[in-house]
Amino acid sequence: MLFYHDLYISDQYAEKKDKIIWKLKHHAGMVGAYVITLATNGEDLFDICHNAVLMQPHYRNAELYIVGIADGKREAMALVQKIIEDVYQKTGSYENIRACLEDRKCYR
């Protein structure tokens, strides 16, 4: 499990960021936390899932790249929109969003 160097996080979780990351790394459950990862299928941009999904055996050893953590699914969708808008403002294009997030020097 890898975390984006400038992780997008809901305002409600900003003060608890380190604790939430610790819980995700140690597979401890949280009630409302959703994670935003780069899509694992190679075709989509992002996957949005409840943190409990990451506790399943399949995901314990999976190479997930977490770019955001949100308080609820609706907030997660808003964060995805913000991520895409930030990439557009920096690069002037909607192309290569994934590559931009994987490249630490790209933005933010």
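User: Leaving aside neighbours within four places in sequence, which residues is Arg-98 in contact with?
Analyst: In this predicted model, Arg-98 is found in helix H4. Once its neighbours within four places in sequence are set aside, the contacts of Arg-98 are Leu-38, Ala-39, Asp-44 and Leu-45.

User: Is Arg-98 buried, partly exposed or exposed?
Analyst: A residue is buried under 20% relative accessible area and exposed over 50%. The relative accessibility of Arg-98 is 31%, so Arg-98 counts as partly exposed.

User: How far apart in space are Arg-98 and Val-87, C-alpha to C-alpha?
Analyst: In sequence, Arg-98 and Val-87 are 11 residues apart. In space, their C-alpha to C-alpha distance is 9.6 Å.

User: In what order do the elements of the protein run from the N terminus on?
Analyst: The secondary structure comes to four helices and four strands. Read from the N terminus, the order of these elements is β-α-β-β-α-β-α-α.

User: How does the radius of gyration of the protein compare with the globule rule, and what is its value?
Analyst: For 108 residues the globule rule gives 13 Å. The radius of gyration is close to that, so the protein is as compact as a globular protein of that length. Along its principal axes the C-alpha trace spans about 40 × 30 × 25 Å. The radius of gyration is 13 Å.

User: Which element gives the largest share of the largest nonpolar core?
Analyst: This core has 17 residues, and those touching the most other members are Tyr-4, Ile-36, Leu-38, Phe-46, Val-67, Ile-83 and Leu-101. Two or more residues each come from strand S1 (2-9), strand S2 (33-38), strand S4 (65-71), helix H3 (73-91) and helix H4 (97-102). The largest share, five residues, comes from H3.

User: How many residues are in the second, separate core?
Analyst: Among the members of this second core are Leu-24, Ala-33, Cys-49 and Ile-69. The core is separate, and its residues come to 16.

User: Which residues is Val-67 in contact with, leaving aside its neighbours within four places in sequence?
Analyst: Val-67 is one of the residues that touch the most other members of the largest nonpolar core. Beyond four places in sequence, its contacts are Tyr-4, Leu-7, Tyr-8, Ile-36, Thr-37, Leu-38, Phe-46, Ile-83 and Leu-101.

User: What percentage of the accessible surface belongs to carbon and sulfur atoms?
Analyst: Buried residues make up 40% of the 108 residues. The accessible surface of the protein comes to about 6,700 Å². The part belonging to carbon and sulfur atoms is 47%.

Terms used. Residues are numbered from 1 along each chain as its sequence is written. This is a predicted model: local features need pLDDT of at least 70, side-chain atom pairs count only at pLDDT 80 or more; totals for chains, interfaces and linings use all residues. Side-chain values use heavy atoms; hydrogens and water are left out. The radius of gyration is taken over C-alpha atoms; the globule rule is 2.2 Å times the number of residues to the power 0.38. Buried means under 20% relative accessible area, exposed over 50%, partly exposed in between (1.4 Å probe, protein chains only). Accessible areas come from the Shrake-Rupley method with a 1.4 Å probe; for residues, only the protein chains shown count as cover. A nonpolar core is a set of buried Ala, Val, Leu, Ile, Met, Phe, Trp, Tyr and Cys residues joined through side-chain atoms within 4.5 Å. Contact means heavy atoms within 4.5 Å.
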